[in-house]
Amino acid sequence: MNETLAVLGAGTMGAGIAHVAALAGFEVKLFDVSEAARAAGVARIAAGLDGGVARKKLTAEVAAAALARVAPADDLAGAVAGAAAVIEAVFEDLALKQKLFAAIEEAAPADALLATNTSSLSVGAIAGAARRPERVVGMHFFNPVHLMKLVEIVRHPTTDEAVVARARALAERLGKEPIVVRDAPGFASSRLGVLVGLEAIRMVEQGVASAEDIDKAMKLGYGHPMGPLELGDLVGLDVRLAIAEYLERELGPAFRPPELLRRKVAEGKLGKKTGEGFYVWK
């Protein structure tokens, strides 16, 4: 059985997917366009594995073996050639993803599973760049990938049911709990999560409560493991804004981004990755 999995994009999500795939026993090829991005991705994986050892969730031997199964790839064709599955995890830009899937289909084995980790874009539109769009499925992972159990399997109108079944099996192999959703704007999780996050931002904007107290309300009152504002900082407020703008176009004014969100993005206060968003991060 082919045990090679290609991950395209070495950022937060791509590195997280590579992390869990390596722990599951896959030989992982991690591709990104720049050497610096690839190195940062591998360093992120190593740090995550070290954290697992520190929390006594992993032994040092298991962590070292997993890291050894991750190989940076400097060429997309080389990364996907021979892969049993290819998971794309690049920035949420439809044109970029379409260009990428056209290239993936040319270079990947004819029987490889082709998946996009998009959190909100139309999987059907992404798949439309492929000659055989029925091969393409959404596999929406959640950040941080090594801790979050959910994966949304997104079926677009022409997705082959056998491909959906393979995506479910892969998610389970990676230790995740899959759900299957229709290719609708925002799917299930982003549509709900973004709406809550935008309302939380509006509450800060209107002085209803502090960011800390709004997050505490959701954690203690509703059992959420993380508040919506802290989660927004973790995901990236620029990413939140882009998704909200897309959902506003597709679903209407309920998803209109608050001015406070636009202002923070304009000021470069994007959350954890820049050191400040709704919280100050060290």
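## A pocket, a sheet and a helix pair

Helix α1 gives the most to the lining of the second largest pocket, with 3 residues. Helices here are DSSP runs of H or I with at least four residues, strands are runs of E with at least two, and both are numbered from the N terminus. This is a predicted model, so local features need pLDDT of at least 70 and side-chain atom pairs count only at pLDDT 80 or more, while totals for chains, interfaces and linings use all residues. Residues are numbered from 1 along each chain as its sequence is written, and side-chain values use heavy atoms, with hydrogens and water left out.

Back to that pocket. On a 1 Å grid over the protein atoms alone, a pocket is an open set of points where a 1.4 Å probe fits, with protein on both sides within 12 Å along at least five of seven lines; lining residues have an atom within 4 Å of a point. The volume is about 270 Å³, counted as the space filled by probe spheres set on the points. Of the 15 lining residues, His19, Leu23, Leu58, His146 and Leu147 are the closest to the centre. Both α1 (12-23) and α2 (35-54) supply at least two residues of the lining.

Next, the sheet. It is open, with 8 strands in the order β3-β2-β1-β4-β5-β6-β7-β8 and mixed pairing; two strands pair if DSSP finds at least two bridges between them. Because β3 (70-73) and β8 (177-182) sit at the edges with a single partner strand each, one side of each has no neighbour in the sheet. Strand β2 (27-31) runs parallel to β3 over 4 bridges, and Phe31 stands opposite Ala73 in β3.

Then there's a helix pair. Helices α8 (189-205) and α12 (259-266) have axes 8 Å apart and pack at about 90°; axes are lines fitted to C-alpha atoms over the stretch in contact, and angles run from 0 to 180 degrees between N-to-C directions. The two are therefore roughly perpendicular, a label for angles of 65 to 115 degrees. Contact means heavy atoms within 4.5 Å, and α8 makes it with Leu198, Ile201, Val204 and Glu205, α12 with Glu259, Leu260 and Leu261.

| Site | Value | Loop |
|---|---|---|
| Asn143 to Pro144 | cis, omega near -5° | Pro144: between β6 (136-140) and β7 (150-155) |
| Lys56 | positive phi of about 65°, not a glycine | Lys56: between α2 and α3 (60-68) |

How values were computed
Angles under 35 degrees count as roughly parallel, over 145 as roughly antiparallel, 65 to 115 as roughly perpendicular and the rest as oblique.
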